[in-house]
Amino acid sequence: MYNQQILNGILGKGFGLFSNQNETKNGKQLRYERIKKFLLKPHFNGFTKDDLFIMQFIKKGWGHDIAALSNMAEALTNLAVHDPKNKEYQLLLQEVLDRAIHPKVNPYRKNIENVTSFGKYGYYLEHLNIILGAYQRIIGDDHLELYKRVSQHLFDNSMSYANYHADLLPNVNMKWSADQAAIIYSLWLFDQNNKTVFCKELNQKWLKYMKEKGIHRETGLFKTEVLGTRKYSHQPRGSALSYLVHYMGRFAPKEAKIQWNLYKKQMMIRVMGKTGFREYLPDYEAAWSPDSGPIIAGIGIAATGLALNAASTIRDKKIYKALGKSMNPVYSILSKGNSLPGVNKISRIGTDLLSSSIWLNAETKIDWYR
């Protein structure tokens, strides 16, 4: 049963690295409660448009469901590492995994334990593997065999290509470097949990490839997509870089810091006193997409929201605070959207389960293996 006094006590003490501002505490509590309500809702049968902003426009949600669950898992693990006596976090983490392997979320549409070949579903599997890593870290080994199988598949698929990038989706000729960073991070978690060196070879070869063939020459930033199948493939994109730095910050912290500093130099901007990140470089013309979210006065919504998570991972407190200062007033308005006529749909941009999970992950950040 939910205990408001316990939650208030946790929030009052402040958890994670970046919990000093009173304004963030109310938002943090709202985000936690939003996620908790979703996870404890009985009879889960998939995500809806009330859960994910994108599903108002794209019914299948473009993988935002598993990405939301992955960030929930990281956030709940942050909380559980900080306060291991609070069993509520374990309960919620179990619910995250149950939803991640549910046939309405997993692309195999059946019991995942019965899947004999994982195929080219690297995007789903990268996030599932992160969830399995979080689960093992906090709860235990009862899903270890599945964890081993997914990890081995992602490793083998990545190593089978000269570019060291796993397939992300069947029948889609596209490989984002940010997703490969998430895959390697998931294998790094396996190593940390099981005292192995599973990801070392892949990590080294992928970084070598990116430094030699995956660099945008004018900026030094990593390119977005390595197969060159999209107009933007050879461009750095804000949403991809924010995502990439967050995951690289664990398994390759020095290289992640280099990319972060270049990213700030090339794509961080201030508009009307607000700090944010571009989705595209100033000289590159492109419209917003479901990946980027809206782009307002040059600031990419996804790039900026994900940058908050990257800043906390990289321990850049100055930029974290600047982004939070810009985002908190907007969140405060959007969180009241349900009571404002005509604002409900728009409000979900910043308050749906994906954005709430990413933000909670950022503001509770802690070293799991200290």
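**View 1. Helix 3 is mostly covered, with 18 of its 19 residues buried.** Buried means under 20% relative accessible area, exposed means over 50%, and partly exposed lies in between (1.4 Å probe, protein chains only). Helices (H or I, at least four residues) and strands (E, at least two) are DSSP runs, numbered from the N terminus. Helix 3 covers residues 64-82, and its end C-alpha atoms are 27 Å apart, which agrees with the 27 Å that its 19 residues should span at 1.5 Å a residue. The expected span of a helix is 1.5 Å times one less than its number of residues.

This is a predicted model, in which local features need pLDDT of at least 70, side-chain atom pairs count only at pLDDT 80 or more, and totals for chains, interfaces and linings use all residues. Residues are numbered from 1 along each chain as its sequence is written, and side-chain values use heavy atoms, with hydrogens and water left out.

**View 2. The whole chain has 14 helices and four strands.** Of its 370 residues, 58% count as buried. Contact means heavy atoms within 4.5 Å. Among contacts between residues at least 6 apart in sequence, 67% join residues at least 24 apart. The mean pLDDT of the chain is 89, and 87% of its residues reach 70 or more; pLDDT is the predictor's confidence in each residue, from 0 to 100.

**View 3. In residues 1-23 and in residues 339-343, pLDDT stays under 50.** For residues 1-23 the model has 47 contacts beyond four places in sequence. For residues 339-343 it has one such contact. Where pLDDT is low, the predicted coordinates should not be read in detail.

**View 4. Helix 4 spans residues 88-100 and contains valine 96.** The 13 residues of helix 4 reach 19 Å from first C-alpha to last, close to the 18 Å expected at 1.5 Å a residue. Its buried residues are Glu88, Tyr89, Leu92, Leu93, Val96, Leu97, Arg99 and Ala100. An α-helix has 3.6 residues a turn, so residues three or four places apart point the same way. Valine 96 has a relative accessible area of 0% and is therefore buried. Leaving aside residues up to four places away in sequence, valine 96 touches Leu39, Leu69, Met72, Ala73, Leu76 and Ile131. Leucine 69 is 27 residues from valine 96 along the chain, and their C-alpha atoms are separated by 6.0 Å.

**View 5. Phenylalanine 44 sits in the loop between helix 2 (22-40) and helix 3.** Its relative accessible area is 17%, so phenylalanine 44 counts as buried. Beyond four places in sequence, phenylalanine 44 touches Phe38, Arg99, His102 and Val105. From C-alpha to C-alpha, phenylalanine 44 and histidine 102 are 8.6 Å apart in space and 58 residues apart in sequence.

**View 6. Helix 6 (residues 144-159) packs with helix 8 (residues 200-213).** Two packed helices are described by the angle between their axes and the distance between the axes. Here the angle is about 35 degrees and the axes are 11 Å apart. Axes are lines fitted to C-alpha atoms, for helices over the stretch in contact, and angles run from 0 to 180 degrees between N-to-C directions. The crossing is left-handed, a term used if the near helix is turned anticlockwise from the far one by less than a right angle, with right-handed used if clockwise. Phe155, Ser158 and Met159 of helix 6 meet Glu201, Leu202 and Lys205 of helix 8. The residues of this contact comprise three nonpolar, one polar and two charged. Ala, Val, Leu, Ile, Met, Phe, Trp, Tyr, Cys and Pro count as nonpolar, Asp, Glu, Lys and Arg as charged, and the others, Gly among them, as polar.

View 7. With a relative accessible area of 31%, lysine 205 is partly exposed. The C-alpha atoms of lysine 205 and methionine 159, 46 residues apart along the chain, are separated by 8.8 Å.

**View 8. Methionine 272 and arginine 315 have a positive phi although neither is a glycine.** Most residues other than glycine have a negative phi, and most peptide bonds are trans. Phi is about 50 degrees at methionine 272, in the loop between strand 1 (268-271) and strand 2 (274-277). Methionine 272 counts as exposed because its relative accessibility is 82%. Phi is about 65 degrees at arginine 315, in the loop between helix 11 (301-314) and helix 12 (317-334).
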